[in-house]
Amino acid sequence: MESERILAEAGVPSPRVDAELIAAHVLDLPRGKLMLTPLVDRQVVEAIADLVHQRAKRIPLQHLLGWAAMGEVTVAVGPGVFVPRPETELLLEWALQYLKGRPSPTVVDLCTGSGALALAVATARPDAKVHAVEVDSTALAWARRNLAHTQVELHSGDVTAPSLLTMMDAQVDLVVCNPPYVPIGTEVPPEVGEHDPFTAVFAESEGLAVIKHVVNLAARLLRPGGAVAIEHDDTQGDSVPALLSTRKVLTKVEDHQDLAGRPRFATGHRAER
Ligand SMILES: C[S@@+](CC[C@H](N)C(=O)[O-])C[C@H]1O[C@@H](n2cnc3c(N)ncnc32)[C@H](O)[C@@H]1O
């Protein structure tokens with residue numbers, strides 16, 4: 001397929017999948033039905049070619065489609081907001097598992113970006129009271145759009161601020177967070193370096209600058225027995241659990257791997273009284 005060849009030559013990591021998703025998007029069809037649909041309409045062929053050429057310039061596929069998936073939900077994404085990643089679905093699965101058997105839980109999604117995690121939790125658990133926190137004004141605008149008409153409460157706030165959500169101290173059942181964690185100076189693909197906001201991806205102190213605050217905030221917000229899950233870089237499989245373990249109120253600290261066996265997120269539980 002011509003589109004696949006163009007994308008492969010541009011260094012796009014999954015050229016066939018991207019070419020098919022672009023064609024399915026233009027034709028407004030599920031990807032699985034593409035093979036049954038002959039491309040005869042000239043306007044359609046031109047619209048596909050245009051998007052393929054944009055993708056070949058390494059504009060993120062999700063910006064071209066206008067959406068990204070998180071578990072069972074999709075969120076609108078585009079310039080100025082971090083594109084949710086499939087690997088975060090592992091943290092989401094852990095979170096939903098943790099919430100099983102806990103009626104009407106209070107959940108806080110720190111560093112919510114597009115609001116993807118908050119929306120996925122709120123959709124899976126309509127009985128939950130979900131709060132989402134984000135500092136960046138452009139990301140907040142995307143989150144506002146994605147969380148409109150949901151029960152999620154969106155807060156404009158900085159996770160490094162000591163006064164954040166103090167009214168919820170020791171009342172939260174679950175804190176989830178996919179923070180900026182890539183160490184500054186790490187080489188990243190053009191889709192990330194040129195299109196994800198810098199402060200959504202990178203953090204000082206070997207990528208731990210924001211995570212340090214998230215650990216302290218979670219320790220303050222969690223009720224006894226509550227839990228925290230923090231996504232991290234694959235170089236932080238020791239350092240993030242170590243940060244969680246510095247807080248005596250947090251117990252049962254564990255790290256979790258992704259499907260490729262790389263360290264991906266850490267969890268801890270607030271000790272019962
Ligand atoms: C890696 S993105 C994750 C977004 C979303 N949770 C997801 O998984 O798609 C990190 C987000 O944290 C936000 N952020 C960075 N520093 C922050 C801070 N100090 N307080 C609150 N949000 C912050 C960024 O603006 C960005 O939207």
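# Reading a predicted model, feature by feature

Modeller: L222 is found in strand 9, and a strand here is a DSSP run of E with at least two residues, just as a helix is a run of H or I with at least four residues, both being numbered from the N terminus. Before we go on, please keep in mind that this is a predicted model, in which local features need pLDDT of at least 70 and side-chain atom pairs count only at pLDDT 80 or more, while totals for chains, interfaces and linings use all residues. Residues are numbered from 1 along each chain as its sequence is written, and side-chain values use heavy atoms, with hydrogens and water left out.

Colleague: Is L222 buried or exposed?

Modeller: The general idea is a set of cut-offs on relative accessible area: under 20% is buried, over 50% is exposed, and in between is partly exposed, with a 1.4 Å probe and protein chains only. L222 counts as buried, because its relative accessibility is 0%.

Colleague: With which residues is L222 in contact, leaving aside its neighbours within four places in sequence?

Modeller: Contact means that heavy atoms lie within 4.5 Å. With those neighbours left aside, the partners of L222 include the run A170, Q171, V172, D173, L174 and V175, as well as A227, V228, L250 and R270. As for distance across the model, the C-alpha atoms of L222 and A49 are separated by 50 Å, the two residues being 173 apart along the chain.

Colleague: Let us follow the chain onward. Where does H232 lie?

Modeller: H232 lies in the loop between strand 9 (222-231) and helix 11 (239-246), and H232 is buried, since its relative accessible area is 0%.

Colleague: With the side chain of which residue does the side chain of H232 make a polar contact?

Modeller: A polar contact is a pair of N or O atoms within 3.5 Å; within protein, one atom must be able to donate a hydrogen and the other to accept it, and residues adjacent in sequence count only if both atoms are side-chain atoms. For H232 the partner is the side chain of D255, at 2.6 Å. Beyond its neighbours within four places in sequence, H232 is also in contact with other residues, among them Y181, I211 and V240. Q236 is found in the loop between strand 9 and helix 11 too, and Q236 counts as buried at 1% relative accessibility.

Colleague: Which residues of helix 11 are buried?

Modeller: The buried residues of helix 11 are V240, P241, L243 and L244. Because they cover an arc of only 155 degrees around the axis, they are on the same side of helix 11, where the arc is that of the directions from the helix axis to the C-beta atoms. Their cover includes helix 10 (209-221), strand 9, strand 10 (250-257) and strand 11 (263-270).

Colleague: Which residues are buried in helix 1?

Modeller: In helix 1 (residues 2-9) they are S3, I6 and L7. Their arc around the axis is only 95 degrees, which puts them on the same side of helix 1. These buried residues of helix 1 pack against helix 2 (15-27) and helix 3 (42-56).

Colleague: Now the ligand. Which residues around the ligand come nearest?

Modeller: A residue is near a molecule or strand if one of its heavy atoms lies within 4 Å of it. Of the 17 residues around the ligand, C111, E134, D158, V159 and N178 come nearest. A nitrogen atom of the ligand is 2.8 Å from a polar backbone atom of C111, whereas a ligand oxygen atom is 2.6 Å from an N or O atom in the side chain of E134. A polar side-chain atom of N178 lies 2.9 Å from an oxygen atom of the ligand. The protein covers 95% of the 600 Å² of accessible area that the ligand has on its own.

Colleague: What is phi of H149?

Modeller: Most residues other than glycine have a negative phi. H149 is not a glycine, yet its phi is positive, near 65 degrees. H149 lies in the loop between helix 7 and strand 5 (153-156), and H149 counts as exposed, at 85% relative accessibility. E206 likewise has a positive phi, of about 55 degrees, although E206 is not a glycine. E206 has its place in the loop between strand 8 (202-203) and helix 10, and E206 counts as exposed at 65% relative accessibility.

Key. Accessible areas come from the Shrake-Rupley method with a 1.4 Å probe; for residues, only the protein chains shown count as cover.
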